[in-house]
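User: Could you take a close look at a single part of this chain for me? I'd like to know how it sits in the rest of the fold.

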Amino acid sequence: ASLLMLSGNRDQLQTAINDLQSVVSRMPDNPVLRFNLGRAHLAKGNVQQARIQFEEAIKLRQDYLLPRIALAQILQQNGEFGRVVQMSGEILAYDPSNLQAKLLRTRALIGMGETKQARQELSDMKQSNPDVWEAKLQLAALDMNEKNYRAAEDTFRKMYTETGDPRALMGLTETYTTQAHYDQAMQVLQDEVKKHPE
């Protein structure tokens, strides 16, 4: 079932779900099986079913962090930022250095408008883990939202030059379009299409 999940083929995903459901029905108290069944549902786009399985996995084993992270990501996409802050706090209680939880927390704080708190936590994270690109991306996005366009532009450009991360490229073009510098945004994108026509 785990191998079928990696394929991404819709029919194979359904086979994986059926296989995992069969095993879960025989071993309903296994949190790892519940988590994997949730992953299979999520891969197929059954978000509500995935959420149910992740919640069951958490009930079965409180310190099993993977379903907590997966559930927090679903909550984040639904805009349930208060719950994400709560859940990331629970993850960090078990594992204080968990970067995924810290980044989920800062994204949720930004979503709640708690930008000062988010900036402080991101700055702390960047200082202790300078290679965490996601923290830099979030800080640059904060700069853009707070109209500190020069800082946002510099960070996005540097990140894209160093890593080729498409999120940094999109951040750079958004920084230009937010300022109504459409020609610059178009030029950046056209240059990239020339370099990477695929």
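Let's start with the residues tucked away in α5: Leu65, Pro67, Arg68, Ile69, Ala70, Leu71, Ala72, Ile74, Leu75 and Gln76 are buried. Keep in mind that this is a predicted model. With the cut-off for "buried" set at under 20% relative accessible area, 10 of the 13 residues of α5 make the list, so the helix is largely enclosed by the rest of the structure.

What does the covering? Helices α3 (31–44), α4 (47–60), α6 (81–94) and α7 (99–111) are among the elements that cover the buried residues of α5.

As for its geometry, α5 runs over residues 65–77 and reaches 19 Å from its first C-alpha to its last, close to the 18 Å expected at 1.5 Å a residue. After α5 comes Gly79, which has a positive phi, near 75°.

Now step back to the whole chain. It has 12 helices and 0 strands, and its C-alpha trace spans about 60 × 40 × 25 Å along the principal axes. Of its 198 residues, 39% count as buried. If you take the contacts between residues at least 6 apart in sequence, 39% of them join residues at least 24 apart.

Notes: Residues are numbered from 1 along each chain as its sequence is written. This is a predicted model: local features need pLDDT of at least 70, side-chain atom pairs count only at pLDDT 80 or more; totals for chains, interfaces and linings use all residues. Side-chain values use heavy atoms; hydrogens and water are left out. Helices (H or I, at least four residues) and strands (E, at least two) are DSSP runs, numbered from the N terminus. Buried means under 20% relative accessible area, exposed over 50%, partly exposed in between (1.4 Å probe, protein chains only). Contact means heavy atoms within 4.5 Å. The expected span of a helix is 1.5 Å times one less than its number of residues.
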